[in-house]
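The following text walks through how the parts of this chain pack together. Please keep the sequence and the model in view while reading.

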Amino acid sequence: MHDLTGFQRDLLYVIAGADEPHGLAIKEELEDYYENEIHHGRLYPNLDTLVDKGLVEKGEKDQRTNYYTLTRRGRRELDARRDWENEHVDL
């Protein structure tokens, strides 16, 4: 998790909070959060990086649409990150 960009971590959070989101749903969620347009050239290479790192699985809904889910490792990494944040942020 330490070698991910903030954008990649945000992708993990969005994927974790949805039921098999497709790329455009992830894009829309991040655009709402960032209040900026997310270009496909930024989104999909970062999703592919998360797949390559074994944090996310990519599946096919149909021939044109992929969906994304966290792997067990991705869930563990996200949980560890949240634990680390809770140690350092007193709310």
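In this predicted model, R81 is in contact with M1, R9 and Y13, leaving aside its neighbours within four places in sequence. R81 itself sits in helix α4. Its C-alpha lies 8.9 Å from that of H2, although R81 and H2 are 79 residues apart in sequence.

Two of the partners of R81, R9 and Y13, belong to the set of α1 residues that meet α4. On the α1 side that set consists of R9, L12, Y13 and A16, and on the α4 side the residues are R75, L78, R81, R82 and E85. By class, the contact of α1 with α4 divides into 4 nonpolar, no polar and 5 charged residues.

The geometry of this pair comes next. Two packed helices are described by the angle between their axes and the distance between the axes. For α1 and α4 the angle is about 110° and the axes are 11 Å apart. The two helices are therefore roughly perpendicular to each other, and α1 passes α4 in a left-handed crossing.

α1 and α3 pack at an angle of about 80°, with their axes 10 Å apart. An angle from 65 to 115 degrees counts as roughly perpendicular, so α1 is roughly perpendicular to α3. From α1, the residues F7, Q8, L11, L12 and I15 make the contact, and from α3 they are R42, L43, N46, L47, T49 and L50. Sorted by class, the contact of α1 with α3 has 7 nonpolar, 3 polar and 1 charged residues.

Not counting residues up to four places away in sequence, L11 touches I26, L30, L43, N46, L47 and L50. Among these, L43, N46, L47 and L50 also take part in the contact of α3 with α1.

Conventions:
Residues numbered from 1 in each chain as written. Predicted model: local features only at pLDDT ≥ 70, side-chain atom pairs only at ≥ 80, totals over all residues. Heavy atoms only, no water. Contact = heavy atoms within 4.5 Å. Axes fitted to C-alpha atoms, helices over the stretch in contact; angles between N-to-C directions. Helix = DSSP H or I, 4+ residues; strand = E, 2+ residues; numbered from the N terminus. Parallel < 35°, antiparallel > 145°, perpendicular 65-115°, else oblique. Nonpolar A, V, L, I, M, F, W, Y, C, P; charged D, E, K, R; others polar. Left-handed = near helix turned anticlockwise from the far one by under 90°.
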